[in-house]
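Here is a short briefing on helix packing and a few residues of interest. Have the model open while you read.

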Amino acid sequence: MTTTFYDEIGGEETIRAIVHRFYEGVATDEVLRPMYPEEDLGPAEDRFALFLIQYWGGPTTYGDTRGHPRLRMRHGPFMVTPTAAQHWLRHFRAGLDAVHLTPEQDARFWEYVTHAAQFMVNSPDPQPPTPADVL
């Protein structure tokens with residue numbers, strides 16, 4: 001029997017703990033919270049957990065119910081700026097810090113999410129007005 005990364009890190013319980021902590025941060029984040037149109041973040045939390053569960057080798061519930069992830073398309077309606085990506089990573093870091101992964105597991109997970117965060121950027125940060133713009 002082959003062990004997946006999902007199994008190695010503790011499966012669904014671990015991923016749901018990471019994602020729950022992540023969404024605790026998102027709930028009060030002035031940059032990220034406006035990107036979630038739902039009043040209740042619970043459905044978004046569940047979708048993200050199911051995506052990560054499948055990505056890391058767990059059950060394919062995400063794909064079975066939602067189809068291909070198409071991440072850039074699903075996030076296309078939102079301005080994902082470099083600043084938003086940094087906020088996203090800050091909350092994901094808190095999620096990883098909330099569980100007990102080995103340094104190697106943490107590094108592998110972190111490498112994936114940092115790449116994913118950069119991949120999702122689809123807009124530059126707004127530029128503050130210059131003195132010439134004000135005059």
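**Helix packing briefing**

W110 is found in helix α7. The model is predicted.

- W110 is partly exposed, with a relative accessible area of 24%.
- Leaving aside neighbours within four places in sequence, W110 is in contact with L89, F92, R93 and L96.
- R93 lies 17 residues from W110 along the chain, and their C-alpha atoms are separated by 7.7 Å.

**Helix α6**
- Helix α6 covers residues 82-97.
- It has 16 residues and reaches 22 Å from its first C-alpha to its last. That is close to the 22 Å expected at 1.5 Å a residue.
- The buried residues of α6 are A84, A85, H87, W88, L89, H91, F92, G95 and L96.
- These buried residues pack against α2, α3 and α7 (103-120).

**H91 in α6**
- H91 sits in helix α6.
- Is H91 buried or exposed? H91 counts as buried because its relative accessible area is 10%, under the 20% cut-off.
- Beyond neighbours within four places in sequence, H91 is in contact with F22, G25, V26, D29 and L32.

**α2 against α6**
- Helices α2 and α6 pack at an angle of about 140°, with their axes 7 Å apart.
- The two helices are therefore oblique to each other.
- α2 passes α6 in a right-handed crossing.
- On the α2 side, the contact is made by I18, R21, F22, G25 and V26. On the α6 side, W88, H91, F92, A94, G95 and L96 take part.
- By class, the contact of α2 with α6 has seven nonpolar, three polar and one charged residues.

**α2 against α3**
- Helix α2 (residues 11-26) and helix α3 (residues 42-55) pack at an angle of about 140°, with their axes 9 Å apart.
- That makes α2 oblique to α3.
- The crossing of α2 and α3 is right-handed.
- From α2, the residues in contact are E12, I15, R16, V19, H20, F22 and Y23. They meet A44, E45, D46, F48, A49, L50, L52 and I53 in α3.
- By class, this contact has ten nonpolar, one polar and four charged residues.

Definitions and conventions:
Residues are numbered from 1 along each chain as its sequence is written. This is a predicted model: local features need pLDDT of at least 70, side-chain atom pairs count only at pLDDT 80 or more; totals for chains, interfaces and linings use all residues. Side-chain values use heavy atoms; hydrogens and water are left out. Axes are lines fitted to C-alpha atoms, for helices over the stretch in contact, and angles run from 0 to 180 degrees between N-to-C directions. Helices (H or I, at least four residues) and strands (E, at least two) are DSSP runs, numbered from the N terminus. Angles under 35 degrees count as roughly parallel, over 145 as roughly antiparallel, 65 to 115 as roughly perpendicular and the rest as oblique. A crossing is left-handed if the near helix is turned anticlockwise from the far one by less than a right angle, and right-handed if clockwise. Contact means heavy atoms within 4.5 Å. Ala, Val, Leu, Ile, Met, Phe, Trp, Tyr, Cys and Pro count as nonpolar, Asp, Glu, Lys and Arg as charged, and the others, Gly among them, as polar. Buried means under 20% relative accessible area, exposed over 50%, partly exposed in between (1.4 Å probe, protein chains only). The expected span of a helix is 1.5 Å times one less than its number of residues.
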